[in-house]
Amino acid sequence: MRQKTFINPIAWKGGKIRIIDQTRLPIELKYEDCATVSAVWQAIKKLKVRGAPLIGIAGALGFLLGFQQSKARTEAQFLRVAKKLRYRLVSCRPTAVNLSWALSLMHGIVETNRRRPKSAILAALKKEVDRIIHEDIQMCFQMSAHGSKLIKSKDSLLTVCNAGGLATSGYGTALGVFYRAKEEGKKIKVFACETRPLLQGARLTAWELKYNGVAVTLICDNMAADLMRRGEIDAVFVGADRIAANGDFANKIGTYSLAVLARYHRIPFYCVAPFSTFDLKLASGLCIPIEERDKKEVTTLYFKKPIAPEGVDVFNPAFDVTPAKLVTGIITEKGIIRPPFKKNIGALYGPSIKRR
Ligand code: MRU
């Protein structure tokens, strides 16, 4: 089956980085050019570009941009600039490991080529970004093919946040599985949790599923339990931002509660993610750094209208950790990993998953 990406959420255009500003969706599909490292940093921080694989790609492109604009001319300067760029860009969002993974690859390219002229280093960096993007697309297609085998026609599926084309290089992880099932002629229905506080489910997932002709019904996050009790959900598919060696994984806040609900209602719960999302240095999910974000995200309705008393205390973690024991399977580009996860993740990716 020939699969195609439906959107291009990021691209290198004339020495700048062209992104879709995802904060404007679904009202408008607007492109924006980032011309400095600081603009890239802000775009990632403000979730103009978001989703673990796409953050990795944005970081790699930001590194290329920064290196190109630097005045470095000597080996020592190349190494200094590379280190600075890596640590600056990695600081904007801590949870998705794809960002540090992609930046370490870019840093490695500079280290390997440090004795060559700057033009040759830039060419090698550009080649590496192109490779990261191409690999991401291929892995999305592979994950979708494995995941679709778990779906039957007439299935009703649940997802949270946005793990689609907008979060990757254009096809998606969890949503990629739905696209593939549809391409295979299966009639599926997807329930999308709105995903408070920043509404990635309502703004992005509902938009892209509709755009791609997948039947989608939007629900508030607190409606998932009731749908499950009514027997309306056949399986849950979510993405991931970081997966530890034992299979615990971080994903958008609210994922853990869906996993608990799915277990209670005996519904299969799948996580869909490529190898770039695994962090095998971490023994368990307890070690995953969790980003806490501005309280305004909770006290206002999408930064516009206040919906809470001024000065109220707020807890706003952007992600939670789902323990592996609640997971039915992890769908990767290499196949579906089943429990026991620690043993089977190790067997699939080897003792050091050092990135290809
Ligand atoms: O804060 P976000 O929008 O970057 O959170 C994104 C998610 O939690 C996604 O589910 C995850 O990155 C997987 S994307 C394929």
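Which backbone oxygen does the side chain of Ser144 reach?

Modeller: The side chain of Ser144 reaches the backbone oxygen of Phe141, at 2.7 Å. That is a polar contact (N or O atoms within 3.5 Å; within protein, one must be able to donate a hydrogen and the other to accept it, and residues adjacent in sequence count only if both atoms are side-chain atoms). Please keep in mind that this is a predicted model, where local features need pLDDT of at least 70 and side-chain atom pairs count only at pLDDT 80 or more, while totals for chains, interfaces and linings use all residues. Residues are numbered from 1 along each chain as its sequence is written, and side-chain values use heavy atoms, with hydrogens and water left out.

Ser144 belongs to helix α5; helices (H or I, at least four residues) and strands (E, at least two) are DSSP runs, numbered from the N terminus. With a relative accessibility of 0%, Ser144 counts as buried, the cut-offs being under 20% relative accessible area for buried, over 50% for exposed and partly exposed in between (1.4 Å probe, protein chains only). Beyond its neighbours within four places in sequence, Ser144 is in contact with Gln3, Tyr171, Gly176, Val177 and Arg180, where contact means heavy atoms within 4.5 Å.

Now for the helix itself. Helix α5 spans residues 118-148 and lies across β7, β10, β15 and β16, at about 140° to β15; axes are lines fitted to C-alpha atoms, for helices over the stretch in contact, and angles run from 0 to 180 degrees between N-to-C directions. Those strands are part of an open, mixed sheet of seven, ordered β6-β5-β4-β7-β10-β15-β16. Its edge strands are β6 (215-219) and β16 (335-337), each pairing on one side only. From one strand to the next, the twist averages 25°. Within the sheet, β7 (235-238) and β10 (269-272) pair in the parallel sense over three bridges; two strands pair if DSSP finds at least two bridges between them. Val236 has Phe269 of β10 as its bridge partner.

Helix α5 also meets α4, whose buried residues pack against α2, α3, α5, β8 (242-244) and β11. Of the 17 residues of α4, 12 are buried, so this helix is largely enclosed by the rest of the structure. Among them are Trp101, Met106 and His107.

Arg93 lies in the loop between α3 (75-90) and α4 (97-113) and Glu291 in the loop between β11 (278-279) and α10 (296-299), so the pair ties together parts that are 198 residues apart in sequence. Both Arg93 and Glu291 are buried. Salt bridges with shared partners join Arg93, Glu291, Arg293 and Glu297 into one network. A salt bridge here is a side-chain nitrogen of Lys or Arg within 4 Å of a carboxyl oxygen of Asp or Glu, and the count by this rule comes to 19.
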